[in-house]
Amino acid sequence: MRTQVGIIGAGPAGLLLSHLLHLRGIDSVVLERRGRDEIESTIRAGVLEQGTMDLLTEAGVGERMKAEGAVHHGFELAFEGQRRRIDLTGLTGKSITVYAQHEVLKDLVAARVAAGGKVFFNVSDTSIHGIETDHPSLRFVYEGEPHEVQCDYVIGCDGFHGVSRAAIPAVRREDYERVFPFGWFGILVEAPPSSDELIYARHERGFALVSTRSPNVQRMYFQCDPADSVDRWSDDRIWSELHARVDSSDGQHVVEGRIFQKNIVGMRSFVSATMQHGRLFLAGDAAHIVPPTGAKGLNLAVADVRVLTAALVAFYKEGRTDLLDAYSETALRRIWRAEHFSYWMTRMMHRLDDASPFEQRLQVAELEHVTTSRAAATAMAENYVGAVAV
Ligand SMILES: Cc1cc2nc3c(=O)[nH]c(=O)nc-3n(C[C@H](O)[C@H](O)[C@H](O)COP(=O)(O)OP(=O)(O)OC[C@H]3O[C@@H](n4cnc5c(N)ncnc54)[C@H](O)[C@@H]3O)c2cc1C
């Protein structure tokens with residue numbers, strides 16, 4: 001099989017890249033380890049920045065997102081028994097949209113299939129060859145048979161645990177990492193929203209986030225031990241923990257409902273510099289991870305795709321390689337900004353077991369500052385909506 005761009009991973013990065021290239025007349029093949037049903041039903045991100053919405057719209061997959069996504073003009077910070085609002089639109093002129101990642105994936109898969117795109121689901125044994133030559137290739141097993149795709153470029157969009165990053169020689173790569181000693185216990189709940197906007201809560205028992213997925217399905221998280229087990233958490237215990245961390249002294253409280261999914265995710269910050277070697281380029285979680293506190297992961301994956309699409313189009317339409325050569329450097333500017341914001345928000349909102357009482361009071365002082373100083377609130381809002389110049 002021969003294509004122009006071989007893409008590993010049918011997450012948001014791989015599918016969006018493949019579709020944007022198709023719209024510009026560039027052929028690609030996408031290889032995905034999991035089944036279509038699985039990628040279309042795995043619940044992950046939900047907060048889309050305007051720039052992400054714009055690129056999805058440009059790709060022609062914005063219709064359902066605009067009809068069904070919920071536009072949020074602010075969010076609330078809960079601490080010390082009270083709630084304070086960050087007015088995103090008032091401070092930045094921008095908003096965010098809550099539209100679940102698996103819905104984005106459904107839209108992208110449908111668009112790829114309708115366009116006759118080559119997406120191979122349920123592949124195994126993906127391997128990358130010849131990235132230091134002009135003729136790289138991908139080998140994989142599909143329906144029990146070995147296959148090979150020859151291409152001009154290989155794009156690794158295969159997430160943090162994929163094979164692409166390791167294909168860059170260790171001597172070329174510098175990995176920057178911080179693994180947090182806590183995780184998030186996530187639940188999906190059949191209930192109306194507890195609040196019109198997301199609530200980020202700092203409490204001495206730990207962080208909590210009240211988020212939404214649709215008018216009937218809510219997503220809530222609370223800080224936990226990453227080694228904990230969901231089996232140890234009865235529904236009653238979960239609700240009492242969420243009430244303790246989120247309910248405010250003026251009577252606003254978390255709305256309970258039927259819990260139909262529980263999971264625990266670890267928290268990590270990670271950056272691979274460089275994001276390219278020879279004819280291999282990394283995009284999205286394959287190259288970087290942020291703790292979900294700042295809602296940046298999916299948005300960063302889409303931002304990488306924007307840079308990479310422009311670079312590949314410049315190569316195929318104008319024979320230029322300067323944008324490809326600069327890809328890693330260009331993408332890393334936004335990535336480091338988002339890494340800092342996610343880390344800062346994580347440190348401010350979570351219970352830090354190594355923090356002294358003095359440092360815990362500093363967390364509260366910082367929350368007071370970002371909710372009372374217009375300048376501090378604006379900086380936070382600009383980062384949250386992705387409106388920071390990089
Ligand atoms: C609980 C949680 C909440 C989150 N909330 C937010 C949020 O609110 N906002 C936000 O912006 N981000 C959020 N994120 C992060 C976001 O989900 C990720 O950053 C995003 O999925 C990255 O997209 P990607 O395409 O780079 O990688 P992925 O979505 O991980 O896709 C990679 C794909 O590659 C496939 N793959 C892996 N290895 C191989 C292989 N060897 N061969 C073939 N295929 C392979 C995988 O099966 C997968 O489908 C959250 C993440 C989690 C876990």
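Tutor: Cys224 counts as buried, with 8% relative accessibility; buried means under 20% relative accessible area, exposed over 50%, and partly exposed in between (1.4 Å probe, protein chains only). This is a predicted model, so local features need pLDDT of at least 70 and side-chain atom pairs count only at pLDDT 80 or more, while totals for chains, interfaces and linings use all residues. Residues are numbered from 1 along each chain as its sequence is written, and side-chain values use heavy atoms, with hydrogens and water left out.

Cys157 is buried too, at 7%. Its sulfur is too far for a bond, because the closest cysteine sulfur, in Cys151, is 12 Å away. A disulfide needs two cysteine sulfur atoms within 2.5 Å, and the count comes to zero.

Now the ligand. Its shell has 29 residues, with Ala13, Glu32, Gln101, Asp285 and Leu298 coming nearest; to be in the shell, a residue needs a heavy atom within 4 Å.

As for polar contacts (N or O pairs within 3.5 Å), ligand oxygen atoms sit 3.1 Å from a side-chain N or O atom of Arg44, 3.0 Å from a backbone N or O atom of Ala13 and 3.4 Å from one of Gly46. Taken alone, the ligand exposes 1000 Å², of which the protein buries 91% (Shrake-Rupley, 1.4 Å probe).

Notes
Polar contact = N/O pair within 3.5 Å; in protein donor to acceptor, adjacent residues only side chain to side chain.
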